[in-house]
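Let's take a friendly walk through a protein model, from the place where its chains meet to the residues packed inside. Have the sequence and the 3D view ready.

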Amino acid sequence: MYKSSKPQPWPLSSSLAKGCCSSSAAVWMIKGLKSLVVSGLVAGVQDAPIPILTVEEIQRRILELCMEGPREISEIARQLGKRKEDLMRSIEELRLLGLITVERRQVEKLELTEEGVSYLSSMLPEEKVAAVLEKMGSVRLDELPLRAASLGLELREGEARLGIMHLARVGAVVVRDGVVTASGEDPLKRALNEAKAIRESLASIARGEEGIPELLETLKRRKLVTTRKGVEILVSLTEEGKRALAEGRVSTAKLITTLTPQIILSGEWRRAVFKEYDLSVSPPRVYPGRKHPYLEFLDTVRELLVSMGFEEMKGPHVELELWNFDALFQAQDHPAREIHDTFFLRNPTAGRAPEELLRRVGAVHESGGDTGSRGWGYRWDPSKALRLVLRTQTTAVSARTLYARGDGEYRCFALDRVFRPENLDAKHSMEFYQLEGIIVSRRVTLRHLIGFFHELARALGLGPVKIKPAYFPFTEPSVEGYIKHEKLGWMEVFPGGMFRPEVLRPLGVKESNVAAWGIGIDRIAMAALGVDDIRLLFSQDLEFLRGWSPPLRW
Amino acid sequence: MPVCRVALYDVSRLVGEELDVETLSEMLPRLKCEVEGVEGGYVEYEATHDRPDLFSAEGLARALRGLLGFELGLRTFCVEHSGKAFNEGPSYRPYILLATVHGLSLDDEAIAQVMQLQEKLHATYGRDRRRVSIGVYDLSKITFPVRYVEADPDSNRFVPLDFEEEMSLREILERHPKGVQYSHLLAGKERYPLLLDSRGKVLSMPPIVNSEETRVTERTRDVLIDVTATDRKAAEDVLAVVTTALAERGEKIGLVEVLSGEDSWLLSLEPRSVELNVELVEQGHYCTG
């Protein structure tokens, strides 16, 4: 804070330095009064110094505009040729100086609708119809547009109906047997007068005025104007403001908020007034960009699996039934393959697959093929296997991977979306994520799978796992892993098992065993992110997303 | 997967030991079943598709006897020949298989369990009766041999379950609740499936509804079971499940010889053998052969 009229910036260097360093100096709160009041000496009044208020040029002009009475900010902005937003800081500073008061008011503003705007430059429909009737007395409805055209008026069909309606309402016309007739010159004149008043009203509202008050209801009913809620900011001088202006105590100076080398080199700093920053005021919160918490969660899970030796596998969303069902030994008349459990493609309906694979899968379904199984014992239809669906399970990706890579020692996982016709509610969605994987090895056994579940649960911070025997069409034996939820008790989250020979042999896996596992990833995400509605996982509400803390720390 | 409901006292008497809810809740998960709820002496659980024998109290009790060590080894049934049937059914539902169970003692709960088993099998293996449908009848009202035929929708009439008046087959599809519900299975067919006894008495109109006269009640001692199907293997499996389930409440199973043209068929309860590699089991594979 300056103690004399002569600017001496150095004592302020520490706070200034901070201000300079910040690239967003403008967002720091300005302490206002303290920084802007420059106590000085007015010539000849040495004994009793009267404070001189130093403001920016723009602020002075704002004060001057308000001298005649309160002004709305948009009007001030128009007068100064500035945008409202750009004046807000200046006005706030003036308010802190005690020179002005700022009043915010909720206001309803009239605004022309699209249709309302269109009548600024053209006649109302009833005027066009009336123009035809003035000329002809009566006219057939279907001839109206043509007759209007002969008068040089464009009258579309909807417009003609609208125009007749308005005229009929005030008794200016009657319609009988498809012919519209004017009721007389007077009613028609009255209707035209009203139309004229309506147009004048519209023009007045377009200029920001109020129009003709009696017509307002009519304009609203005809949907020519609407009201829009807005905020009006009214600026008025305080008594102190008026006095300061009158006494010539308001001077202008260039205020410097950011110290640059140029300002120092040019010596400009000697004449400049620096703004002081109040470091006790917290700056507005700045939200850096971040990943959607659900995606962040999924990526964390990906990293975890990669660290456990898994590679990510990908497959198409639009999938052959072959990969989604048949290769997984799901019988062709299995209920899950029906229309209410699977989305089918309308166009195209079918795809292609290797002949040899189709033959092998078919043999397994019909009689077990070379697996020692008895199969399902029905006639397998290859054309059904070639139909296209939105994949219902990521196991389709596992099947593709096994077919592509065959025997060996590898681990893969898929973390991707699947689709099922569900009714959207807090627990169900027609698209959701599945996480699943395969462990391919000559030595892998069910015990390894169970061990993997324990390890994964530990890594995800899910606590102890309980295993129970289960059934899935493509694995034998099958298990289900449960984790304990604080409120819900034991929750089923890990299905898994050893792929059946009926799955492996046709895909060309002959010597390896495959432990297959899945995870109810949406369920775990809901638990980890603390939400109880599956739809929130896909929320795009910024306020809500900012409130989410980073998921899963380990 | 089907959710089934059993009464603790019923399972107890079938097992032959008094069971408590805790034991049942502990054993069910070991049979791949998930306990859904326990209420007033009843337990609800979800069974898996590969264990249709667990869709009702009878099969569950059989499994529990083994699991609890009361009866180890393969369950054997007393079996004898009981009758004959002729299959002259429609080509769109070509298979019918039958068996009988004798010396039953049934009460409300037992009948509820038989109905539950039928319903769950219809919903799963039966593909909502399209592939397989099951009928159970009071055998004392029936004289062998029975005939499965295709019949004219208008000239054949009988009193369907829960009704007092005779209706033609067509009327049943239009008016009987089950007829309305399942009429799509016979849509566009000129002749409908019908099961008759040797005196021409109607047993049922598969896969829609049984006759009121042959209804199974608490007084029923012997039953006839029929399974009509579009898939013979599924029909065999379903008949075996229903017959052996009822046999848990009776004394013996009766085999019905089904003659269709040159073919003759009898229910087979022969066990199937699967080779198991003990070494792999010990390694933790539990691999099926």
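## A bridge between chains

Start with a pair you can find by eye: A:D333 and B:R131 join their side chains in a salt bridge, at 3.2 Å from N to O. The term stands for a side-chain nitrogen of Lys or Arg within 4 Å of a carboxyl oxygen of Asp or Glu. The rule finds 2 salt bridges across the interface of chain A and chain B.

Before going on, note that this is a predicted model, where local features need pLDDT of at least 70 and side-chain atom pairs count only at pLDDT 80 or more, while totals for chains, interfaces and linings use all residues. Residues are numbered from 1 along each chain as its sequence is written, chains are lettered from A and ligands numbered from 1 in the order in which they are written, and side-chain values use heavy atoms, leaving out hydrogens and water.

## Where the chains meet

How many residues does each chain give to the contact? Chain A gives 26 residues and chain B gives 22 residues, with contact meaning heavy atoms within 4.5 Å. Together the two chains bury about 2,000 Å², 50% of it on carbon and sulfur atoms; buried area is the accessible area (1.4 Å probe) that two parts lose on being put together, summed over both. On the chain A side, A:D333, A:R374 and A:Y471 lose the most area to chain B, together 27% of what that side buries.

## Packed inside

The largest nonpolar core has 68 residues, and B:L60, B:L64, B:L121, B:L224 and B:L246 have the most contacts inside it. Such a core is a set of buried Ala, Val, Leu, Ile, Met, Phe, Trp, Tyr and Cys residues joined through side-chain atoms within 4.5 Å. Here, buried means under 20% relative accessible area, exposed over 50%, and partly exposed in between (1.4 Å probe, protein chains only).

Not counting residues up to four places away in sequence, B:L246 touches several residues, among them B:V101, B:L104 and B:V136. A second, separate core of 43 residues includes A:L298, A:V444, A:A525 and A:L529.

## A buried arginine

Is A:R71 buried or exposed? A:R71 counts as buried because its relative accessibility is 13%. Leaving aside neighbours within four places in sequence, A:R71 is in contact with residues including A:L65, A:C66 and A:I233.
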